[in-house]
Amino acid sequence: MTLKDFYDKNGSLSSMMATIPSEAAIQRLLGMLLQDQTMEELKRAVASGDVPLAFRAAHTLKGTLMNLQITGVQKKASDVTEALRNASSVEDAAVLLPVLEEDYNDMISDLKELVGGSAS
Amino acid sequence: MNSAYHFSEKEANELRGFPALLAIFENVDGTEELILASDALLSVLHISKEQEKEAFRDGLKLTFHWRGANGKELVLAGKSVGRKRMGHVLFYVTYVDETALYHEIRKGRECEELRNNMLEKVLNTTQACLFWKDLDRKFIGVNQAFLDTYGFESAEDIIGKTDEDMGWHPYPEEFYDAEAKVLRGETMKLGHTKNMIRGKEKDIVASKAPFYDEKGEVAGLVGSFLDVTVLYDEKRRNAALNRELQNALEDSRHANNLLTQFLSRASHEIRTPMNAIIGLSEIALEQNDPDVSVDYFRKIAASGHYLLNIINDILDINKIEAGNMVLVEKPANLGELLEGVEVIMDPQISAKNIKYEYDMEGIPDAWLICDRQRIQQILINILSNAVKFTECNGRIRFTGKLADEADGCVLTFTIADEGCGMSKEFLARIFKPFSQENRDPAKYGAGTGLGLTISKRFVQMMKGDICVESEEGKGSTFTVTIRAKRCKPEKLKVKELAEEAQEVSSLKGKRILVAEDNSINAEVVQMVLMMNGMECDIARNGRDAVEIFASAQQHTYDAILMDIQMPMMGGFEATQRIRHLGRPDAKTIPIIALSADAFASTQRHAEENGMDGFISKPIDRKLLIKCLIELVQEGREI
């Protein structure tokens with residue numbers, strides 16, 4: 001999988017290049033996503049019913065995905081964020097979370113393929 | 001038959017009152033016959049009193065047709081002589097049987113009629129227009145072709161009229177004279193003349209001949225003519241074509257000559273500096289002293305540049321002549337154009353300490369769609385010449401005028417110098433390739449001899465011209481006219497780019513404090529900042545941000561980029577704390593919010609908490625830079 005393939009599937013390469021006009025740099029940033037723990041934090045927070053923590057995690061995740069122009073998953077993250085903004089409980093978010101998780105995992109596996117490919 | 005005849009009472013009564021009662025026929029052999037007048041005879045002999053008198057006096061000539069009983073037709077020509085005999089009036093008739101003659105005559109007449117008909121048919125079928133006139137030159141007859149050619153309905157429209165009456169000759173006197181000759185007995189041979197037929201001038205070939213009456217005198221003239229306009233038009237076209245081909249051949253030969261001459265001159269012009277380069281190189285190689293060598297290298301480089309100029313000029317001319325030169329016409333500001341010229345001309349003008357007068361009223365603000373580069377090339381060419389041929393401390397005047405026309409405007413530049421001027425002879429060929437006056441090149445510098453040729457061509461492509469006035473010893477004035485259309489002003493490209501570059505470069509070296517908990521987001525921001533020459537430090541949350549800022553010296557940081565949602569301490573709180581640090585730079589430092597929220601409420605919040613700007617994610621590089629430029633430049637308003 002090439003960088004272009006990844007973005008064709010998950011977002012917009014051209015928009016990303018407008019901000020960071022270096023494929024190498026973009027690839028490095030994407031690599032960091034593999035180490036990123038925000039998704040885990042979100043899951044834990046929702047599981048424990050911690051609204052403010054969950055909100056922050058969702059918000060951060062949304063921001064990261066936005067910065068990386070991974071638009072599809074970002075939208076799902078945004079939905080979860082709004083479900084947690086000033087919410088009384090994690091209930092609504094809990095419903096949306098599995099959808100987000102599934103899309104996120106798909107994207108991560110694409111990412112692994114991209115990074116794995118370039119590593120070899 | 002009996003020689004005497006007795007009439008019965010009845011017969012006598014019947015016959016009474018008729019002048020001719022009886023007819024005594026004297027036959028050819030002299031014998032007489034008395035015949036009772038029959039009806040046929042009676043009708044024939046029903047003659048008037050006058051005729052009776054004639055009969056008595058001279059004898060009456062009679063011709064009578066008599067259809068005999070057998071149906072045979074007899075034509076008798078006779079003479080009847082009246083005599084009184086036996087108390088009766090008698091007519092002696094001697095007759096000749098002219099039946100055969102009669103038929104012969106009739107046949108002859110028929111033949112003649114046939115022949116006449118045939119003749120008429122021929123006359124009216126032939127395509128040649130035929131006419132005949134009497135001695136007064138009045139038309140007495142025309143054939144059908146004549147009528148058709150002129151469009152007459154019938155011959156009556158022309159019979160009895162003269163040419164003058166019809167008014168169809170462009171040269172009536174000539175015509176009159178010619179016909180007068182014919183009527184004197186000369187035959188006019190086939191000749192070409194022009195006639196007005198139905199309002200159009202036509203070419204005709206005509207011939208005329210006199211015809212004679214029985215006495216042998218000229219009774220009129222017969223003429224024929226043919227409309228040969230089509231033939232003559234073709235002849236004329238062919239002649240014109242021939243002339244064109246001749247001219248083209250001439251031009252081609254001439255062009256070939258010019259080309260040969262040009263190639264010869266060009267080769268010579270190229271060879272000279274080429275030789276210099278080779279010669280100087282060889283000498284330079286022999287030198288031991290590097291300083292001397294360097295001097296030679298300088299000369300070699302100069303020759304090289306000169307050679308390149310010639311070759312470029314030749315390529316330009318070639319391209320123009322082949323019709324491949326295209327003007328690149330874009331909106332251009334005339335002020336910028338003239339600045340470009342000034343940049344090139346300044347050194348030359350200063351070097352000779354020339355007094356430069358400059359007047360371009362109304363032009364620098366104008367925007368025209370034109371080929372800026374070529375116009376500059378033209379102006380530089382002429383100005384360089386002016387400088388070259390003006391003495392040190394001399395004067396050059398460069399003025400311009402812009403006037404509006406029907407569909408565009410006219411730009412007029414005038415370059416006047418008080419230099420050595422040009423002779424009339426040289427003036428006539430200055431725009432020809434490689435024309436150079438025989439002036440001392442050491443004094444006046446060597447040009448390629450193609451500059452003005454190229455300039456003239458370009459100006460002509462711009463629908464303008466170059467005019468020169470010059471007097472030896474007094475100086476020269478060049479007037480360049482160019483036509484172009486006005487256009488809307490655009491941002492001066494150069495300025496725009498310069499401004500942009502300047503602005504971004506103003507950020508170079510600035511130090512930014514970035515508070516962002518997520519390492520990926522922090523990395524993105526850092527990348528963008530460093531790409532634009534800025535340095536940055538990362539704080540992982542609001543508390544660290546406050547701490548890093550507080551422990552840094554005043555004015556270490558030029559701006560802070562603060563994420564809102566962070567653990568431990570969020571962006572709003574951190575901002576408040578920084579603002580209340582009690583340091584002057586804490587109050588003035590621009591703090592820009594970074595957030596994944598784009599809600600107006602969040603922005604308001606940011607403002608309320610002492611933040612100066614708001615950048616939402618995904619981070620737009622241009623926006624971020626713009627924001628930093630604005631805030632870092634101006635500083636914060638307290």
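User: Is the crossing in which α5(A) passes α16(B) left-handed or right-handed?
Analyst: We are looking at a predicted model, and its helices here are DSSP runs of H or I with at least four residues (strands are runs of E with at least two), numbered from the N terminus. A crossing is left-handed if the near helix is turned anticlockwise from the far one by less than a right angle, and right-handed if clockwise. For α5(A) passing α16(B), the crossing is left-handed.

User: Which residues in α16(B) do T60(A), G63(A), T64(A) and N67(A) meet?
Analyst: Contact here means heavy atoms within 4.5 Å. The four residues you name belong to α5(A). On the α16(B) side, their partners are I520(B), N521(B) and V524(B).

User: How are α3(A) and α16(B) oriented to each other?
Analyst: Helix α3 of chain A (residues 23-35) packs against helix α16 of chain B (residues 519-531) with the axes 9 Å apart, at about 165 degrees. Angles under 35 degrees count as roughly parallel, over 145 as roughly antiparallel, 65 to 115 as roughly perpendicular and the rest as oblique. Although the crossing is right-handed, orientation is judged by the angle, so α3(A) and α16(B) are roughly antiparallel.

User: With which residue does R28(A) form a salt bridge?
Analyst: R28(A) is one of the α3(A) residues that meet α16(B), along with A25(A), L29(A), M32(A) and L33(A). A salt bridge needs a side-chain nitrogen of Lys or Arg within 4 Å of a carboxyl oxygen of Asp or Glu. The closest N and O atoms are 3.3 Å apart, and the partner of R28(A) is E523(B).

User: How many salt bridges does the rule find across the interface of chain A and chain B?
Analyst: At this interface, 24 residues of chain A are in contact with 21 residues of chain B. Over all chains, the search finds 39 salt bridges. Across the interface of chain A and chain B, the number is three.

User: How many residues apart are R137(B) and E179(B)?
Analyst: Their side chains meet in a salt bridge, with 2.7 Å from N to O. This pair links distant parts of the chain: R137(B) is in the loop between β6 (129-134) and β7 (139-142), while E179(B) is in helix α7 (residues 172-183). Along chain B, R137(B) and E179(B) are apart by 42 residues.

User: How do α11(B) and α14(B) lie relative to each other?
Analyst: Helix α11 (residues 372-388) and helix α14 (residues 451-461) of chain B have axes that come within 10 Å and cross at roughly 140 degrees. Their crossing is left-handed, and among the residues that meet are I378(B) in α11(B) and F458(B) in α14(B). Because of their angle, α11(B) and α14(B) are oblique.

User: Which residue does a cis peptide bond join to K617(B)?
Analyst: Most peptide bonds are trans. Here omega is about 0 degrees.

User: What value is phi of K463(B) near?
Analyst: K463(B) lies in the loop between α14 and β16 (465-471) of chain B. Its phi is positive, in a residue other than glycine, and is near 60 degrees.

User: From which number are residues counted along each chain?
Analyst: Local features need pLDDT of at least 70, side-chain atom pairs count only at pLDDT 80 or more, totals for chains, interfaces and linings use all residues, and side-chain values use heavy atoms, leaving out hydrogens and water. Chains are lettered from A and ligands numbered from 1 in the order in which they are written, and residues along each chain, as its sequence is written, are numbered from 1.

Key
Axes fitted to C-alpha atoms, helices over the stretch in contact; angles between N-to-C directions.
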